[in-house]
Amino acid sequence: MSLQMSAVDLTYPDGDDRRVQALAEVSLTVAPGEVIALTGPSGCGKSSALAVAGTLIRPDSGTVAIDGTEVGGLSEQDRARIRREQIGFVFQRDNLLPDLTALEQLLLTAHLRGERPARHRGEALDLLADVGLAGHHDKLPRQLSGGMRQRVNIARALMGPRRVLLIDEPTSALDHARGTAIVELICQLARERGLAALLVTHDLATLEGNADGLLHMLDGRLTDVAVAV
Ligand SMILES: Nc1ncnc2c1ncn2[C@@H]1O[C@H](COP(=O)(O)OP(=O)(O)OP(=O)(O)O)[C@@H](O)[C@H]1O
């Protein structure tokens with residue numbers, strides 16, 4: 001299984017001697033090529049679930065396995081390596097660097113992995129074409145529309161030997177038509193590449209016919225088993 005969380009609990013400090021429970025006994029599995037959506041009201045723990053799945057936060061208890069490797073027992077260095085190599089992140093806003101072209105945004109990921117960016121030029125151009133941006137590789141973020149910037153963001157998240165894709169509200173800055181197109185694109189790419197994708201969204205209308213399952217979260221707990229969307 002590409003992403004597995006078992007009985008994950010997470011609390012944050014909340015003033016003197018108090019803690020707020022962000023996740024409680026969260027267990028979920030996302031298989032390769034599968035897209036599972038996670039929804040629920042603001043503050044229910046969705047972003048925290050992504051952060052734990054993405055090895056950005058260690059849970060208080062429970063386990064997370066990425067492509068069969070249980071990451072809890074690993075050093076920070078090994079967790080960072082898995083994060084850089086195997087996990088792609090797509091956040092609400094595009095987080096693109098203002099002075100880099102679309103191609104350079106993607107090549108930066110190779111540089112951060114300690115590889116020579118020039119070797120990955122072909123992969124990056126192919127990915128930009130896959131997200132519908134062929135011919136736009138030399139554009140700066142300010143020369144691209146919101147939807148196009150989010151496509152660069154998705155292509156960047158797919159650079160390298162990814163196993164898991166974690167997506168947080170990818171449509172919040174887009175209108176319905178562009179948002180639906182972005183969700184469709186994410187689902188199609190995850191399936192084609194055999195990635196396990198966990199997609200947090202409030203925007204259920206964009207999911208229709210796209211995701212393989214929908215999980216509901218309330219007060220840090222999953223309230224439903226996955227259902228078809
Ligand atoms: N760094 C933090 N320190 C303290 N409390 C936090 C922190 N991050 C989140 N929380 C709390 O943990 C709970 C879950 O937050 P989280 O951001 O995971 O929810 P969410 O469902 O993603 O919310 P939203 O949809 O508004 O982004 C909330 O009560 C929140 O206030």
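Strands β1 and β2 form a hairpin with 5 residues between them. In the turn, G15 has a positive phi of about 80°. Strands here are DSSP runs of E with at least two residues, helices are runs of H or I with at least four, and both are numbered from the N terminus. This is a predicted model: local features need pLDDT of at least 70, side-chain atom pairs count only at pLDDT 80 or more, and totals for chains, interfaces and linings use all residues. Residues are numbered from 1 along each chain as its sequence is written.

β1 (residues 3-13) pairs with β2 in the antiparallel sense over 8 bridges. Two strands pair if DSSP finds at least two bridges between them. L10 has L23 in β2 as its bridge partner. β1 also pairs with β4 (residues 61-66), again antiparallel, over 5 bridges.

Next comes the open sheet. Its 6 strands run in the order β6-β7-β8-β3-β9-β10, with mixed pairing. The edges are β6 (87-90) and β10 (221-222), each pairing on one side only. Inside the order, β3 (residues 35-39) and β8 (residues 196-200) pair in the parallel sense over 4 bridges. V35 stands opposite A197 in β8.

Helix α1 packs on this sheet and touches β3, β7 (164-168), β8 and β9 (213-218). Contact means C-beta atoms, placed from the backbone, within 7 Å. The direction of α1 makes about 155° with that of β8. α5 packs on the sheet too, touching β6 and β7, and its direction makes about 165° with that of β6. Axes are lines fitted to C-alpha atoms, for helices over the stretch in contact, and angles run from 0 to 180 degrees between N-to-C directions.

α5 (residues 146-157) also meets α6 (residues 176-193). Their axes come within 11 Å and cross at roughly 15°. That makes α5 roughly parallel to α6, a term for angles under 35 degrees. G147, Q150 and I154 in α5 meet R178, I182, L185 and I186 in α6. By class, this contact has 4 nonpolar, 2 polar and 1 charged residues. Ala, Val, Leu, Ile, Met, Phe, Trp, Tyr, Cys and Pro count as nonpolar, Asp, Glu, Lys and Arg as charged, and the others, Gly among them, as polar.

Last, the ligand. The residues around it include Y12, D14, G43, K46 and S47. A residue is near if its C-beta atom, placed from the backbone, lies within 6 Å. β2 (19-30) and α1 (46-53) each give two or more residues to the shell. The largest share, 3 residues, comes from α1. The shell divides into 4 nonpolar, 6 polar and 2 charged residues.

Conventions
Angles under 35 degrees count as roughly parallel, over 145 as roughly antiparallel, 65 to 115 as roughly perpendicular and the rest as oblique. Two residues are in contact if their C-beta atoms, placed from the backbone, lie within 7 Å.
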